[in-house]
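These are my notebook entries on a structure I went through contact by contact. I begin with a charged pair and then turn to the ligand, the annotated domain and the surface.

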Amino acid sequence: MYELNAKIRDLEPYEPIAGDYKIRLDANESFLRLPESIQAGALHATFRVELNRYPDPAAVSLCRAFAKNYGVPIENVVAGNGSDELISVIFQSFLMKGDTYATIMPDFSMYNFYGYISECRRVVIEKDKNWRIDVDKVLETCNNEGVKLLIFSNPCNPTSLGLTRAEVRRLVCSTSALVVLDEAYMDFWEESMLGEFQNYDNLLILKTCSKAFGLAALRVGFAVGSEKLIRAIKAVKSPYNVNAISQCMAEVVLNSRGECDAAIRRLLLSRDELQRGLDRLAARFPEQMETLPSVTNFVVLKTPRAGELFRYLLDASIAVRYFENMSALRITAGATGDNAAVFGYITRFFEN
Ligand SMILES: *Cc1c(COP(=O)(O)O)cnc(C)c1O
């Protein structure tokens, strides 16, 4: 009988919250559909796509749209089938068997997953009790443990907190490790390193179309870094990693700058609304819950009764994300009615 090896024997396929819920605030997606005119334009553009041909392996038009949007040279950009794929490729490319990588926990779970699959040694650096990153502690660990690759999200999913550019700069400058800076949520904040990535040869920045741009379904992400790093990723990734339809549609959306900016402003308004509402509840139930100050499109609610509240919301057909190890819920900003439903059920929960 064929036996799976020890590495994969106990793995389970990734499963987002299963089931049909009326309100989905569990995956940090944009709650906004694309404006109809943009979606129509993007679909129309796909008529050009020759489905009998392989897609452009370098996704040049898509990368050009991204590069123009963020003001970076196209030579410094590579596209991935979601930034998720790029994380996997980065672990496969920049680490050799036996090398050490570091994560700063709590952070995005996929880092540890791909690190685990790469069979490299993992060093875990804990965030402080307020879930802030202690840069000195990170640097000390990287330098003492011979860390070859450090990966973290900024702003951070799941904490919603961010490290300022000055702090990131200090980190990148003071280690010889490759620093993989996942800026999946940076479109909601203003501390991006994209404007100065050229100053560092050990910095890779990840971006995604899945959050602020509302294109989670297309699976499009990018990495930005020195030409040397980007060429290495291009050499390791599978040749036709981003399909032609996604390349075509994401290009149209990235070129619709005005609509994208408007959508981001709306998402930020919704985030502020969610933050204010939860802050008010935290003031009303001070022993029961507290919130973190978000610079992302989601808000974190800490409560000793997180598991119970999670199930209570699910029963009300509201899906949020439960982090047992943090005793917290991560709630994605939604439409006004959805945010209001969350406030209503949380009020009821703590009143009883
Ligand atoms: C959502 C998310 C991503 C995006 O992944 P895609 O594969 O591009 O959809 C990457 N990093 C973090 C921290 C995220 O939360």
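Which residue forms a salt bridge with Glu 196, and how far apart are the closest N and O atoms? I found Arg 169 as the partner, with 2.8 Å between the closest N and O atoms. The pair links distant parts of the chain, since Glu 196 sits in the loop between β6 (178–182) and β7 (203–208) and Arg 169 in helix α7 (residues 165–173), 27 residues apart. For these elements I used DSSP runs numbered from the N terminus, with helices being H or I of at least four residues and strands being E of at least two. A salt bridge here is a side-chain nitrogen of Lys or Arg within 4 Å of a carboxyl oxygen of Asp or Glu.

Before going further I noted that this is a predicted model, in which local features need pLDDT of at least 70, side-chain atom pairs count only at pLDDT 80 or more, and totals for chains, interfaces and linings use all residues. Residues are numbered from 1 along each chain as its sequence is written, and side-chain values use heavy atoms, with hydrogens and water left out.

Entry on burial. Glu 196 counts as buried at 13% relative accessibility, whereas Arg 169 counts as partly exposed at 31%; buried means under 20% relative accessible area, exposed over 50%, and partly exposed in between, with a 1.4 Å probe and protein chains only.

Entry on the other salt bridges. The structure holds 11 salt bridges, and I looked up two further ones. Asp 99 forms a salt bridge with Lys 148, the closest N and O atoms being 3.5 Å apart. Asp 99 lies in the loop between α4 (82–94) and β3 (100–105) and Lys 148 in strand β5 (residues 147–153), so this pair ties together parts that are 49 residues apart in sequence. Asp 99 is buried at 14% relative accessibility, while Lys 148 is partly exposed at 44%. Arg 257 and Asp 261 also meet in a salt bridge, at 3.4 Å from N to O; because they are four residues apart in helix α10 (residues 257–284), about one helical turn separates them. Arg 257 is partly exposed at 40%, as is Asp 261 at 28%.

Entry on the ligand. I found 14 residues around the ligand, the closest being Asp 182, Thr 208, Ser 210, Lys 211 and Arg 219; a residue is included if one of its heavy atoms lies within 4 Å. Oxygen atoms of the ligand lie 2.7 Å from a polar side-chain atom of Asn 157, 3.1 Å from a side-chain N or O atom of Lys 211 and 2.6 Å from a side-chain N or O atom of Arg 219. Taken alone the ligand exposes 390 Å², and the protein buries 93% of that; these areas come from the Shrake-Rupley method with a 1.4 Å probe.

An unreviewed UniProt entry places the feature "domain: Aminotransferase class I/classII large" at residues 22–340. Over residues 22–340 I read 40% helix and 18% strand, with the end C-alpha atoms 14 Å apart.

Entry on the surface. Tyr 2, in the segment before α1 (6–9), is exposed with a relative accessible area of 70%. Tyr 2, Leu 4, Ile 8, Leu 11, Phe 113 and Tyr 116 form a nonpolar surface patch with about 580 Å² of accessible area together; such a patch takes residues with over 30% relative accessible area and no salt bridge, joining nonpolar side chains (Val, Leu, Ile, Met, Phe, Trp, Tyr) within 5 Å.

Note on methods:
Patches are made of residues with over 30% relative accessible area and no salt bridge: like charges are joined within 9 Å, nonpolar side chains (Val, Leu, Ile, Met, Phe, Trp, Tyr) within 5 Å. A polar contact is a pair of N or O atoms within 3.5 Å; within protein, one must be able to donate a hydrogen and the other to accept it, and residues adjacent in sequence count only if both atoms are side-chain atoms. UniProt positions are given in the numbering used here, feature names are shortened, and annotations may be inferred rather than shown by experiment.
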